[in-house]
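Open the model in your viewer and keep the sequence panel beside it. We will go from stop to stop, selecting a few residues each time.

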Amino acid sequence: MDRVVCCYPAYEPMLHYAASHARMLLAMSYPRDRWHVRIMHAAENMLRWIRRNAFRAFVHPVTEMEAVLVNGGFTLISRTATLAWQMDVWRRSA
């Protein structure tokens with residue numbers, strides 16, 4: 001898969017799918033769940049609405065996304081963050 005988690009309203013099915021197809025590693029990027037990032041996404045989504053663009057971006061709860069991957073048999077091995085984005089690498093547990 002080559003998608004950013006924020007592009008989909010339903011992150012759970014997408015992460016289940018990605019986890020079921022990842023043999024060893026799974027990398028994902030997503031917007032940080034912070035107040036300033038939520039405001040930025042709300043402004044972007046409002047601008048898209050004004051322009052009649054149907055696309056919307058989403059900020060999902062990190063703990064819930066992590067739970068999907070942990071329940072899928074993965075362990076977090078790397079996390080990098082910028083002001084707005086977070087990138088994680090997960091490894092399938094033995």
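Select Asp-88 and Tyr-30 and show their side chains. In this predicted model, a polar contact of 2.6 Å joins the two side chains.

Stay on Asp-88. This residue lies in strand S3. Is Asp-88 buried or exposed? Its relative accessible area is 1%. Buried means under 20%, so Asp-88 is buried. Now show what surrounds Asp-88. Leaving aside neighbours within four places in sequence, its contacts are Leu-26, Ala-27, Met-28, Tyr-30, Leu-76, Ser-78 and Arg-79.

**The sheet**

Switch to a cartoon view. Three strands form an open sheet. In what order do they stand? The order is S1-S3-S2, and the pairing is antiparallel. Strands of a sheet pair through backbone hydrogen bonds, either parallel or antiparallel.

Color S1 and S2 (74-81). These are the edge strands, and each pairs on one side only. From one strand to the next, the twist averages 20 degrees.

Next, select S1 together with S3. Seven bridges join this antiparallel pair. To find your place, pick Leu-25: Arg-91 in S3 stands opposite.

Then select S2 with S3 (residues 85-92). How many bridges join S2 to S3? There are seven, and these two strands run antiparallel. Pick Ser-78 and look across to Val-89 in S3, which stands opposite. Follow the chain from S2 to S3. The two strands form a hairpin, with three residues between them.

**Helix H1**

Select helix H1 (11-21). Which of its residues are buried? They are Tyr-11, Met-14, Leu-15, Ala-18 and Ala-19. Look down the helix axis. The buried residues of H1 fall within an arc of 130 degrees, so they line one face of the helix. Here is the rule behind such patterns. An α-helix has 3.6 residues a turn, so residues three or four places apart point the same way.

What covers these buried residues? The cover includes S1, H3, S2 and S3. Turn to the other side of H1. Pro-13, Ser-20 and His-21 are exposed there.

Glu-12 also lies in H1. This residue is partly exposed, with a relative accessible area of 40%. Draw a distance line from the C-alpha atom of Glu-12 to that of Ala-84. The two atoms are separated by 21 Å, and the residues are 72 apart along the chain.

**Helix H3**

Select helix H3 (62-71). Val-62, Met-65, Val-68 and Leu-69 are buried in H3. They cover an arc of only 125 degrees around the axis, which puts them on the same side of H3. Among the elements covering these buried residues are H1, S1, S2 and S3.

Then step just past the end of H3 to Gly-73. Its phi is positive, at about 95 degrees.

**The nonpolar core**

In soluble globular proteins, nonpolar side chains tend to be buried together. Look for that here. The largest nonpolar core has 16 residues. Which members touch the most other members? Select Val-5, Leu-15, Leu-26, Met-28, Met-65, Leu-69 and Phe-74. H1, S1 (25-31) and H3 each give two or more residues to this core. H1 supplies the largest share, five residues.

Zoom in on Met-65. Not counting residues up to four places away in sequence, Met-65 touches Val-5, Tyr-11, Leu-15, Met-28, Tyr-30 and His-60.

**Last stop: His-60**

At 6% relative accessibility, His-60 counts as buried.

Show the side chain of His-60 and the backbone of Tyr-8. A polar atom of that side chain lies 2.8 Å from the backbone oxygen of Tyr-8. Finally, display the other contacts of His-60. Leaving out residues up to four places away in sequence, His-60 touches Val-5, Cys-6, Tyr-8, Pro-9, Tyr-11, Asp-33 and Met-65.

Technical notes: Residues are numbered from 1 along each chain as its sequence is written. This is a predicted model: local features need pLDDT of at least 70, side-chain atom pairs count only at pLDDT 80 or more; totals for chains, interfaces and linings use all residues. Side-chain values use heavy atoms; hydrogens and water are left out. Helices (H or I, at least four residues) and strands (E, at least two) are DSSP runs, numbered from the N terminus. Buried means under 20% relative accessible area, exposed over 50%, partly exposed in between (1.4 Å probe, protein chains only). A polar contact is a pair of N or O atoms within 3.5 Å; within protein, one must be able to donate a hydrogen and the other to accept it, and residues adjacent in sequence count only if both atoms are side-chain atoms. Contact means heavy atoms within 4.5 Å. A nonpolar core is a set of buried Ala, Val, Leu, Ile, Met, Phe, Trp, Tyr and Cys residues joined through side-chain atoms within 4.5 Å. Two strands pair if DSSP finds at least two bridges between them. Axes are lines fitted to C-alpha atoms, for helices over the stretch in contact, and angles run from 0 to 180 degrees between N-to-C directions. The arc is that of the directions from the helix axis to the C-beta atoms.
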